[in-house]
Amino acid sequence: MRSRTAVVAALATALAVGVPGAAAVAAPAETSYTVVPYTNVNVRKLPTAHSAYLTTLTAGRSYRAYCWTHGQTVTDNGYTNDVWIGFADGYSSAVYFEGDAYAGLPASARC
């Protein structure tokens, strides 16, 4: 997952040196993967359904994911697994994404 400290430091540096468009500074480069939820899905702070709600991803849209991890087991729509997909600030159960049990992320993309 992206380091918030690195993002804040990059933004602070950009602002300090007067880089145009500093408010749009991207996070440090790291490998990301495209995932697509087949239904609207909540993003949670931690890989559990009882963790704080952050936002909802819209079905059919593409999103940038960074890793996967094991968390709470989720059963829905005939699927069961404990894999959670890691985004910039939170996690969503892989049960709700197109692709395999890891939403198409490689085994090496573990959080």
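What is the handedness of the link of Cys67 and Cys111?

Entry 1: I note that the model is predicted. I looked up the torsion about the S-S bond and found 85 degrees, which makes the link of Cys67 and Cys111 right-handed. The pair joins distant parts of the chain: Cys67 sits in strand β5 (residues 67-76), while Cys111 sits in the segment after β7 (91-93), 44 residues apart. I then read off the separation of the two sulfur atoms, which is 1.9 Å. Since the cut-off is 2.5 Å, I count Cys67 and Cys111 as a disulfide. The count for the structure comes to one disulfide.

Entry 2: I checked the accessibility of each partner. Cys67 has a relative accessible area of 3% and is buried. Cys111, with 44%, is partly exposed. I record that Cys111 is not classed as buried because that class requires a value under 20%.

Entry 3: Phe87 belongs to the loop between β6 (79-86) and β7, and Phe97 to the segment after β7, so the pair ties together parts that are 10 residues apart in sequence.

**Entry 4: Ala49.** I located Ala49 in the loop between β2 (41-44) and β3 (53-57). Its relative accessible area is 35%, and I list Ala49 as partly exposed. Leaving aside residues up to four places away in sequence, I found that Ala49 touches Arg44, Gln72 and Trp84. I also looked up the spacing between Ala49 and Thr73, which are 24 residues apart along the chain: their C-alpha atoms are separated by 9.1 Å.

**Entry 5: confidence.** How high is the mean pLDDT of the protein chain? I noted a mean of 81, with 74% of the residues at 70 or more. Over residues 1-29 I found pLDDT under 50 throughout. For that stretch I recorded 25 contacts beyond four places in sequence in the model.

Definitions and conventions:
Residues numbered from 1 in each chain as written. Predicted model: local features only at pLDDT ≥ 70, side-chain atom pairs only at ≥ 80, totals over all residues. Heavy atoms only, no water. Helix = DSSP H or I, 4+ residues; strand = E, 2+ residues; numbered from the N terminus. Buried < 20%, exposed > 50% of the residue type's maximum accessible area, 1.4 Å probe, protein only. Contact = heavy atoms within 4.5 Å. pLDDT = per-residue confidence, 0-100.
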